[in-house]
Amino acid sequence: MTQIAFIGLGNMGGPMAANLVKAGHKVTAFDFVQAALDTFVEAGGVAASSAIEAIKGAQVVVSMLPAGKHVAGLLLGDEHGNGGLLSNLAKGSLVIDSSTIDVETARRLGLAAKELGIDFVDAPVSGGTAGAKAGTLSFIVGGDQAAFKRAQPLLTDMGKNIFHAGDAGAGQIAKMCNNMLLSVLMAGTAEAIQMGVENGLDPKVLSDIMVKSSGRNWALEIYNPVPGVMDGTPASNSYQGGFMVDLMNKDLGLALTAAQASDSSVPMGQQAAKLFKAHGDAGHGGLDFSSIYQHYTNNKV
Ligand code: NAD
C-alpha cells in the first residue's frame, strides 16, 4: 500500500485514480471540479481541498492535467516559484506526470525534481478513456532507471503495457512520434479508400484487399475509417467515442513543436496536421479522428 496524491480527476484521471484505490492504495485527490471529487469519494478515495493538502503524507504524486502550463504551475508554482508541489514534497518522493505535455516542460520538471532529490517520470498514456476505466492503458515513460523502477508497479495498477522510452521527456517524445505516425496512417488510409470508392470500388472489398497487401496498417486492421466496413469502430457509430479530433490536434501541435526544436524534418506530419486542423475547424473536433474520412468525402481535397 502506497500513500498517493492524485491531482486532476478528469475523463482520464478520474478512472485512473479509482483504479489505484481498487488496487489497495490510499489515494487522496484534488481537482477544481467538485463533482469529480464526489465521484472519487464514492469510489473509495479521499478528497482534499487543495493540491498542497492532498500531498500531506504522500510518498507519490500522480498528475493528470490538460497541458504543460497546468503541470508546471502545479509542480513549480507561480512565476516566483511559490506554492509549487515540488518544494513541498519530502526528499525521496516520486512524481508521475501522466498528462500529455510539451517535451521542454517535461525535461524542465525532470531537472527541477532532481535538484530537490525527488524522482520524476513523465508517463503519458495511450488507450483513451476506455483504457483508463478498464485499467489497460499503455504508459510511455521517460525518466532515469531508478525512477522508472519505482513507478512501474503503480503504473501496472492503472495499465497493461509499461514502456521505458529513455530519460525525462522521452515518454512525451515517444508518444508524439506514435501519434504523428497514427495521424499519417489514418489520413493515408482514408485517402486511399476514398480514391477506390470514387473509382467504383466497394470500400469493404478494397479494405480486405489492402489489409492482406503491403498497405496493411493499424487503421485498416482494427479501426477502419469508413462507416459500416467494420463492426465496433467509431466509424460505424457515427464517429462517436474513440479518440477526438481535438485531442489529435493537440498532440500534433506538440509533435510539430518538438520537431521544430530538434530541427527534425516532418513533412508528412505537417501535412496530416493541416488536414486534421481543417477538419477540426470545420466543426468536427468532437468526433473520433477516423472521421477524417469525411474530410475527403466532403471536401474533395
Ligand atoms: P480533462 O479536461 O477531462 O481533465 C483534466 C482535469 O484536470 C479537469 O478535471 C480539471 O479540472 C483538472 N485540473 C486542471 N488544472 C488543475 C490543477 N491545477 N489542479 C487540480 N486539477 C486541475 O482531460 P483528460 O481527458 O482527463 O486528459 C488529461 C490528459 O490526458 C491530457 O493531457 C490529455 O491530452 C491526455 N490524454 C487524454 C486522452 C483522452 O482520451 N481523454 C487520451 C490520452 C491522453
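**Notes on a predicted model**

1. At 13% relative accessibility, Tyr-223 counts as buried. The model is a predicted one, and the values in this note should be read with that in mind. Phe-289 is buried as well, at 1% relative accessibility.

2. The rings of these residues deserve a joint look. By the pairing rule used here, the count comes to five aromatic pairs. One of them joins Phe-30 and Phe-32 in an edge-to-face arrangement, with 5.5 Å centre to centre and 90 degrees between the planes. Phe-30 has a relative accessibility of 12%, so this residue counts as buried. Phe-32, by contrast, is exposed, because its relative accessible area is 78%. The pair formed by Tyr-223 and Phe-289 is tilted: the centres are 5.5 Å apart and the planes make an angle of 40 degrees.

3. What does the pair of Tyr-223 and Phe-289 tie together? Tyr-223 lies in the loop between helix 10 (218-222) and helix 11 (245-261), while Phe-289 lies in the loop between helix 12 (267-284) and helix 13 (292-299), so the pair ties together parts that are 66 residues apart in sequence. Tyr-223 and Phe-289 also belong to one aromatic cluster, together with Trp-218, Phe-243 and Phe-276.

4. The loop between helix 12 and helix 13 also holds Ser-291. Ser-291 has a relative accessible area of 0% and is therefore buried, the cut-off being under 20%. Between Ser-291 and Tyr-239 there are 6.0 Å in space, C-alpha to C-alpha, although the two are 52 residues apart in sequence.

5. Ser-207 is a residue of helix 9 (residues 203-211). Its relative accessibility is 4%, so Ser-207 counts as buried. Which side chain does the side chain of Ser-207 contact? The partner in this polar contact is the side chain of Asn-224, at 2.9 Å.

6. On the ligand: there are 21 residues around the ligand, and those that come nearest are Asn-11, Met-12, Asp-31, Leu-65 and Lys-250. Helix 6 (128-134) supplies at least two residues of the shell around the ligand, and helix 11 likewise supplies at least two. The ligand sits in the largest pocket.

7. For Met-12, a backbone N or O atom is 2.8 Å from an oxygen atom of the ligand. A polar backbone atom of Leu-65 is 2.9 Å from a ligand oxygen, and for a polar backbone atom of Pro-66 the distance to an oxygen atom of the ligand is 3.0 Å. On its own the ligand has 830 Å² of accessible area, of which the protein covers 83%.

8. Helix 1 (residues 13-22) is mostly covered, with nine of its ten residues buried. Which residues of helix 1 are the buried ones? They are Gly-13, Gly-14, Pro-15, Met-16, Ala-17, Ala-18, Asn-19, Leu-20 and Val-21. After helix 1 comes Gly-24, which has a positive phi, near 100 degrees.

Technical notes. Residues are numbered from 1 along each chain as its sequence is written. This is a predicted model: local features need pLDDT of at least 70, side-chain atom pairs count only at pLDDT 80 or more; totals for chains, interfaces and linings use all residues. Side-chain values use heavy atoms; hydrogens and water are left out. Rings of Phe, Tyr and Trp (its six-membered ring) pair if their centres lie within 6.5 Å; planes under 30 degrees apart count as stacked, over 60 as edge-to-face and the rest as tilted. Buried means under 20% relative accessible area, exposed over 50%, partly exposed in between (1.4 Å probe, protein chains only). Helices (H or I, at least four residues) and strands (E, at least two) are DSSP runs, numbered from the N terminus. A residue is near a molecule or strand if one of its heavy atoms lies within 4 Å of it. A polar contact is a pair of N or O atoms within 3.5 Å; within protein, one must be able to donate a hydrogen and the other to accept it, and residues adjacent in sequence count only if both atoms are side-chain atoms. Accessible areas come from the Shrake-Rupley method with a 1.4 Å probe; for residues, only the protein chains shown count as cover. On a 1 Å grid over the protein atoms alone, a cavity is a set of points where a 1.4 Å probe fits but cannot get out, and a pocket is an open set with protein on both sides within 12 Å along at least five of seven lines; lining residues have an atom within 4 Å of a point. A molecule sits in a cavity or pocket if more than half of its atoms lie within 2 Å of its grid points.
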